[in-house]
Amino acid sequence: MDREVRVRFAPSPTGPLHIGGVRTALYNYLFARHNGGKMLLRIEDTDSNRFVPGAEDYIVESLRWLGIEIDEGVGHGGNDGPYRQSERRDIYRQYVSQLLDADRAYIAFDTPEELEAARAATPNFQYDATTRMSMRNSLTMPADEVKRLIDGGEKYVVRFKIEPGRLVEVDDLLRGKVTIKSDILDDKVLYKSADDLPTYHLANIVDDHLMRVSHVIRGEEWLPSAPLHVLLYEAFGWTDTMPAFVHLPLLLKPDGKGKLSKRDGDRLGFPVFPLEWHDPASGNISSGYRESGYLPEAVINFLALLGWNPGDDTEIMSMDELIERFSFDHCSRSGAKFAYEKGKWFNHHYLQALDDARLAEMFKPVLRDNGVNPDDFSDDYIARAVAMVKGRINFVKDLWDQAAFFFKAPTTYDPKAIKKRWSADTPAIMTELIAQLNALPDFSSAAAEQPILDWITANNYHMGNVMNAFRLAVVGECKGPHMFDITELLGRDETVTRLQTAIDRIKPDEPAI
């Protein structure tokens, strides 16, 4: 296309960023990068009543963690700022005046009580061409009265003047041409004198034009407002620079019908926010993907495929690969069920692909949380322990359940395993095993395994019972990676000490092995 691709992500700082908003930001980013364009971050904070402290910083940090890079905007600067709408009052005023002067908008003084009375008197009331002449506005009042009220400090709004009898066409890259009759549109409020700020409808049109936005990529919930935005572009004479629209499908509940909500996450045990959120009003804490142990690349890969596919069965894609392959040709027009279990699958894959040393560093805080000082172990030791068990985990925190025995000798033993594997003869056999282990010239896994297995066979011991009793003594239960890999890492002294401790503590009550 001839125009430079410039997209914008424009959230409101009214709370934490929902995962659906993250996907919208991601699709904006992938589209922009695929086409060599720019990504803008604009904060739409014109509704001062809904502003939540900390929400803007949360949005910026979420995008940074996910690797969605911003070229211009809040926290990044640029030539088209300010990028907070609350800081652009002077800019918006001139465009409000332009619409008023062109008779494309009018001033309305109706109070909340008067509007409520109108709704009560007229079923399905909306402020439009059929009702505006019965209301208290500059179309029904003398100009000097309008001036007197404004000069006297009377609160007012500016409404867009929608003319009936038109077919308004919205060209959507995903949904095709959408045609709406102007008769069903109401005269939307564009500006409120109470806080000297525009509403979303005016502010985003003015900003998109001035910031040279080429594509407006947003959720399908904004589709009903698109005809109004088309009419506003026409009213300002900006049709040549009107952006292309893309209205993305919703993220749906994993079960049942309807839009994905925080309640679904609470009910089914998964986050719906990228980062943990601390509500400044209630003090409530909502879980986040980062704090729940998800890797950002896993979240990105997972979200990208909720409503889009690359045209084949490929699932694992890096950010660079997603950028290379992304287009709206393979984007669905219907909602995507939020298959949160698939998100765990992606996280498992990306954890397996991590370098063991990096995974070990990520595991260190988990060790500390469980009373282990990681400084008591070498980095190589921790990395080798992690490498042995990482195939069984979906999250870094899962490493503790799988690898705790590498860092803490067992103090209790699985009762079911004792009953099945530890008999009256087991202590004597384990004592013999200690002697065999002490006699090994090489305690590495490869060197130790066959001599011990040969010893078991030569003495006609039950292979499964002896090896499981060995594992029970060293690990505390009958689980874990290859036994001789475990003992190699623990070392001869620690292995023998654990065997002797088990002999002393476990009391057999079953027939002989």
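Of the 513 residues of the protein, 50% count as buried, that is, under 20% relative accessible area with a 1.4 Å probe and protein chains only. The model is predicted: local features need pLDDT of at least 70, side-chain atom pairs count only at pLDDT 80 or more, and totals for chains, interfaces and linings use all residues. Residues are numbered from 1 along each chain as its sequence is written, and side-chain values use heavy atoms, with hydrogens and water left out.

The overall dimensions and surface are as follows.

| Property | Value |
|---|---|
| Radius of gyration (over C-alpha atoms) | 33 Å |
| Span of the C-alpha trace along the principal axes | about 110 × 50 × 40 Å |

A compact globule of 513 residues would have a radius of gyration near 24 Å, by the rule of 2.2 Å times the number of residues to the power 0.38.

Buried Ala, Val, Leu, Ile, Met, Phe, Trp, Tyr and Cys residues joined through side-chain atoms within 4.5 Å form a nonpolar core. The largest has 159 residues, of which Phe-338, Phe-363, Phe-406 and Phe-407 touch the most other members. Helix H1 (residues 19-34) gives the most to this core, with nine residues; helices are DSSP runs of H or I, at least four residues, numbered from the N terminus. A second, separate core of nine residues includes Tyr-106, Phe-125, Tyr-127 and Val-189.

Leaving aside residues up to four places away in sequence, Phe-338 touches, among others, Ile-19, Leu-251, Phe-270 and Tyr-289, where contact means heavy atoms within 4.5 Å.

Terms used:
Helix = DSSP H or I, 4+ residues; strand = E, 2+ residues; numbered from the N terminus.
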